[in-house]
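I opened this model to check one position and then its surroundings. My notes follow in the order I looked things up.

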Amino acid sequence: MILPGGFSRGQESRLIQFELEDQFGRLYTEQNWNDSILVIIGADRGGSEFTGRWGKALLDSIGTSVAGTPVSYVGLSDLDAVPFFMTGLVRSKFPDDPDEWVLMDWDGEFPDAYHFTEGATNILVFNLKRELIHRTAGREIESGTLDRLIQSIRSAAGQKPESPTDG
C-alpha cells in the first residue's frame, strides 16, 4: 500500500546503516555523506537504462549545493538477482572511469528496505537528519515528478517552495 508522499507500509523512514563497495572495491557507509542532502538513484538491471537520465536532470536542475547545503548524488545498483558465480563478470560491465562509481548492492539491502520498484529508477532523498523525505520511482522523466523531487531537495536545504508566480 502506497501512503501519501510515496511511502509504503513497512518501509524504512531513515537512512539504513550499510557497508557497500563500488565496482572498484572501495567501501562506503552511510557516514560518507553526513554533511549533505543525500540523493540515492538506484535500479535493478531493468531500470538501469534510466538512472543516468534522472541523475543528469537532477544535477542540471539543482547542482551540487542548495542554499549552501551540499547535495550528494549516489548511484546504486540492485544486484540481488545476480548468482554468486557471476559477480566478477557483472562487476566488469560497470564503467571503468573512477568518477563514474556505483554502489553495488549484492544483497538487495536498499531495495528491501525502501521497497524499490523493479524495472524502474528509484530515487530516495534524505535530509541532513537522515530522514527519508521523498521517494519516487519511474522510467522516463516526467516533469511533475522531477519538479516534486527538486522541491523536496530544496526544502531539505531550508528553501521555501517556489510558487507558480515566482521566477
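Is Ser152 buried or exposed? I am working from a predicted model. Ser152 has a relative accessible area of 12%, and the cut-off for buried is under 20%, so I put Ser152 down as buried.

**Around Ser152**

I placed Ser152 in helix H4, which covers residues 143-156. Leaving out residues up to four places away in sequence, I found that Ser152 touches Ile133 and His134. With His134 there is also a polar contact between the side chains, at 2.8 Å.

**Helix H4**

I checked the length of H4 next. The end C-alpha atoms of H4 are 20 Å apart, and 14 residues at 1.5 Å a residue should span 20 Å, so the two agree. I then listed the buried residues of H4: Thr145, Leu146, Leu149, Ile150, Ser152, Ile153, Arg154 and Ala156. What do the buried residues of H4 pack against? I noted helix H1 (48-62) and the strands S5 (37-43), S6 (65-66), S7 (69-78), S9 (121-126) and S10 (132-138). Just after H4, I saw that Gly158 has a positive phi of about 90°.

**Salt bridges**

How many salt bridges are there? I counted three.

I took Glu140 and Arg53 to begin with; their side chains form a salt bridge at 3.0 Å, N to O. Glu140 is in the loop between S10 and H4 and Arg53 is in helix H1, so this pair ties together parts 87 residues apart in sequence. Glu140 is partly exposed at 46% relative accessibility, and Arg53 is partly exposed at 38%.

Asp22 and Arg26 also meet through their side chains in a salt bridge, at 2.6 Å from N to O. I noted Asp22 as buried, at 0% relative accessibility, whereas Arg26 is partly exposed at 33%.

The remaining entry is Lys56 with Asp60, where the closest N and O atoms are 2.7 Å apart. Both residues lie in helix H1, four residues apart, or about one turn of the helix. I marked both Lys56 and Asp60 as exposed.

**Whole chain**

I finished with the protein chain as a whole. I counted four helices and 10 strands, in the order β-β-β-β-β-α-β-β-α-β-α-β-β-α along the sequence. The chain has 167 residues, of which 45% count as buried. Among contacts with a separation of 6 or more, 70% join residues 24 or more positions apart. I recorded an accessible surface of about 9,200 Å², with 49% of that area belonging to carbon and sulfur atoms.

Technical notes
Residues numbered from 1 in each chain as written. Predicted model: local features only at pLDDT ≥ 70, side-chain atom pairs only at ≥ 80, totals over all residues. Heavy atoms only, no water. Helix = DSSP H or I, 4+ residues; strand = E, 2+ residues; numbered from the N terminus. Buried < 20%, exposed > 50% of the residue type's maximum accessible area, 1.4 Å probe, protein only. Polar contact = N/O pair within 3.5 Å; in protein donor to acceptor, adjacent residues only side chain to side chain. Contact = heavy atoms within 4.5 Å. Areas by Shrake-Rupley, 256 points an atom, 1.4 Å probe, with all protein chains shown as cover. Expected span 1.5 Å × (residues − 1). Salt bridge = Lys/Arg side-chain N within 4 Å of Asp/Glu carboxyl O.
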